[in-house]
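This briefing sets out the arrangement of the chains, the sheets and the helix packing in the model shown below. The points are grouped by topic.

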Number of protein chains: 2
Amino acid sequence: MRKPKIVIVGAGYGGLMTTVRLQKLIGVNEADIVLINKNDYHYETTWLHEASAGTLHHDRVRYDISDVIDKSKVDFIQDTVVEIKKEDKKVVLENGEVDYDYLVIALGGEPETFGIKGLKEYAFGITNVNSSRQLREHIEYQFATYNMEEEKDDTRLAIVVGGAGFTGIEFLGELTNRIPELCREYDVDSSKVKIICVEAAPTVLPGFDPELVNYAVSQLERKGVEFLIGTAIKEATPEGIIVAKGEEEPREIKANTVVWAAGVRGNSIIEKSGFEAMRGRVKVQPDLRVPGFDDVFIIGDSSLVINEEINRPYPPTAQIAMQQGEVVARNLAALIRNKSELETFTFDNKGTVCSLGHDDAIGVVFGKKITGSKASFMKKVVDNRSLYMIGGAGLVLKKGKFNVF
Amino acid sequence: MRKPKIVIVGAGYGGLMTTVRLQKLIGVNEADIVLINKNDYHYETTWLHEASAGTLHHDRVRYDISDVIDKSKVDFIQDTVVEIKKEDKKVVLENGEVDYDYLVIALGGEPETFGIKGLKEYAFGITNVNSSRQLREHIEYQFATYNMEEEKDDTRLAIVVGGAGFTGIEFLGELTNRIPELCREYDVDSSKVKIICVEAAPTVLPGFDPELVNYAVSQLERKGVEFLIGTAIKEATPEGIIVAKGEEEPREIKANTVVWAAGVRGNSIIEKSGFEAMRGRVKVQPDLRVPGFDDVFIIGDSSLVINEEINRPYPPTAQIAMQQGEVVARNLAALIRNKSELETFTFDNKGTVCSLGHDDAIGVVFGKKITGSKASFMKKVVDNRSLYMIGGAGLVLKKGKFNVF
């Protein structure tokens, strides 16, 4: 009898969690497992704001996939997915094709630019290791060039962050810690540096507790961030951005660095492959399979799960992706063992901590509001936990965050 | 009786050596000494190739002027010289004017671009701390950006070095050490990197012993440098350079990084102030004073001293500038003590070592040819010696090079 073949595309939080759980759950003779990923490494998406600001080296936010998979059970293919032919049960790659009996799509999200002109061309993203280190080096080059010019150009030292959501705020926290270092490094007067956060929504960190939001805003303002709330970016240009608040006349903000941190959508492969989706996200069944395709699971940023309490989708996070991965692993084991009863996914929200730099944070953990060094400590616990869940204690020792105080 | 006022402009090798020797030679009541410099730090010009390649941090190649001057005897003014009004005995600064009884011009050289089109706009220089760290960051940004582009653009990884003189060769030595690090850092295949050295003269390191030159060329070629000798840069463009060899048709070399390391001329303040000069260099008297101006000394890159043996000017080096500084300090002491007999400067060539990276070099020391680790060791001795001459053992301990093996 032919062994069933399970293919997992994407080695982010969801895909890698599925893989490592599955390799424990099933025996070598029960199924072939294939993991496909663009890079030979996994990166911690939730740490990228640090690599982007330059407060943590990008090698600290990634680890080799080979370090966490069991090579006797999992075949790893480094390649980029081009399309999924769901009727033919095939994954088309840049350098080949792989067929499957069961497929887990865990391809991760993509930046959502809402059609705003110029963002794709002129804004930097906190999206992956490549984009983060490019952003870090871009900022550093601006500082390095500042003193080279006869006419000092202060727009070299102006940084606009589009979006005051999780990523935007966490990046601002790191950036305000990094700026004094850059000023010393390149003999730049720190009063010349300008950091502006532009957010279209009427509040910073929508959905977060207002008391914690106030704390975050005042801490970041104290460290030099100017917030433009209820203000939309109309366009990004080579010189900066055009913004408008309500009915006011649009105005230009000149800045050599524009970072877009305002939105995530599902993966474009989802639509390209003909799945019914909203902004690249597929509303999955309670067992995380795609309606009409009993052999395809979708998890992570390209899946959409409704929070019944408020009848709105859960925002895509590492926490939910990893919990989904655990359930999918068990459901795959059940399927190959011909059990018809699959487990239903329910999200267990363990809390959320938003970092404001290495020494400050806000959060709600086990229903309790926390700020400052206590919250910052909890953030590191959260960060280490995601390493532990996928790679165990060894990975925590290798890549974990221990600069607690 | 009014104390005579000695003004020294420039805190490079020559100006700083003059100052530290003078402050030892004369008493507080004998003269006022004023040192004027653009920055509040001195930098080791002969180490800039390391800061430019990124193999040594730029803070390692500079030190505070206040660390080596005796503040009870020397007033330091941080300002930029605009012009010297030699008939009025005044130095015009960006933010004021200073008059003098005796002046030492030690303003340092400037890059000589020989009127080649586009070099000023598009080529980077190994000229000072600002330009070196900008070049370092520019190269790093190219590597950081390489993997961000759908269509990989190999010209991002192409570096042209114009000039195979001392600076060009020493920079190539560091660069070839740095490239493997950059490739690891940014996940770049090192076979994609291209380093091309273009030299108009018929040989690398003109004036150096041919056996040593062959050693240097073969070592650098082994590390991936391509030499285009007898080839002139006709133009620099935003995309690279146009070169031509002899009568051949000019051709384009595409490269995102072009470094101009091919020539030094005297300071443009010299001509602006009406001194008779050749490419900004004044042929000084044997006592290092300017013909016709008994109160003005010129030393360093803006002075021209003839090597009688070959009837050609000595090339401007740190070694000659420091020796000039010692003589000028003694001649100034003699002048303020109304001694008419001034000392004649003769250059004592202690040898030359050209680095090929931190672990290799070529040189002639005390008339003996050396290569490899022995020469590399001697290079560090030379580097530490210039610190010792100006700042004593304390400065050597603080900024010296001890990575010998």
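This is a predicted model: local features need pLDDT of at least 70, side-chain atom pairs count only at pLDDT 80 or more; totals for chains, interfaces and linings use all residues.

**Sheet S6-S7-S8 of chain A**

- S7(A) and S8(A) belong to an open sheet of three strands in chain A, ordered S6-S7-S8 and paired in the antiparallel sense.
- Strand S6 (81-85) and strand S8 (96-99) of chain A form the edges, each pairing on one side only.
- On average, neighbouring strands of this sheet are turned by 20° against each other, direction ignored.

- Chain B contains an open sheet of three strands with the order S26-S27-S28 and antiparallel pairing.
- Its edge strands are strand S26 (351-355) and strand S28 (368-371) of chain B, each of which pairs on one side only.
- From one strand to the next, the twist averages 10°.
- Five bridges join S26(B) to strand S27 (residues 361-365) of chain B in the antiparallel sense.
- Cys354(B) has Ile362(B) in S27(B) as its bridge partner.
- Helix H9 (residues 372-399) of chain B packs on this sheet and touches S26, S27 and S28 of chain B. The direction of H9(B) makes about 70° with that of S27(B).

- In chain A, helix H1 (residues 13-25) packs with helix H9 (residues 372-399) at an angle of about 35°, and their axes are 9 Å apart.
- Tyr13(A), Leu16(A), Met17(A) and Val20(A) make the contact from the side of H1(A), while Ser386(A), Met389(A) and Ile390(A) make it from the side of H9(A).
- This contact of H1(A) with H9(A) comprises six nonpolar residues, one polar residue and no charged residues.
- In chain B, helix H1 (residues 13-25) and helix H8 (residues 318-336) pack at an angle of about 35°, with 7 Å between their axes.
- The crossing of H1(B) and H8(B) is right-handed.
- From H1(B), the residues in this contact include Tyr13(B), Met17(B), Arg21(B) and Leu25(B); among those they meet in H8(B) are Ala318(B), Met322(B), Glu326(B) and Leu332(B).
- By class, the contact of H1(B) with H8(B) holds 11 nonpolar, four polar and three charged residues.

**Domains of chain A**

- Chain A is divided into domain 1, made up of 5-38 + 79-111 + 265-349, and domain 2, spanning 119-262.
- The C-alpha centres of these two domains of chain A lie 35 Å apart.

**Relation and contact of the two chains**

- Chain A is superposed on chain B by a rotation of 180° with 0.0 Å of shift along its axis, at an RMSD of 0.0 Å.
- The two copies are therefore related as by a two-fold rotation axis.
- Contact between the chains involves 13 residues of chain A and 13 residues of chain B.
- The side of chain A that touches chain B consists of four nonpolar, six polar and three charged residues.
- Of the interface residues of chain A, 100% are also interface residues in chain B, so the copies meet through the same surface.

Methods:
Residues are numbered from 1 along each chain as its sequence is written. Chains are lettered from A and ligands numbered from 1 in the order in which they are written. Axes are lines fitted to C-alpha atoms, for helices over the stretch in contact, and angles run from 0 to 180 degrees between N-to-C directions. Helices (H or I, at least four residues) and strands (E, at least two) are DSSP runs, numbered from the N terminus. A crossing is left-handed if the near helix is turned anticlockwise from the far one by less than a right angle, and right-handed if clockwise. Two residues are in contact if their C-beta atoms, placed from the backbone, lie within 7 Å. Ala, Val, Leu, Ile, Met, Phe, Trp, Tyr, Cys and Pro count as nonpolar, Asp, Glu, Lys and Arg as charged, and the others, Gly among them, as polar. Copies are superposed by least squares on the C-alpha atoms of residues with pLDDT of at least 70 in both. Domain bounds come from an automatic or database domain assignment. Two strands pair if DSSP finds at least two bridges between them.
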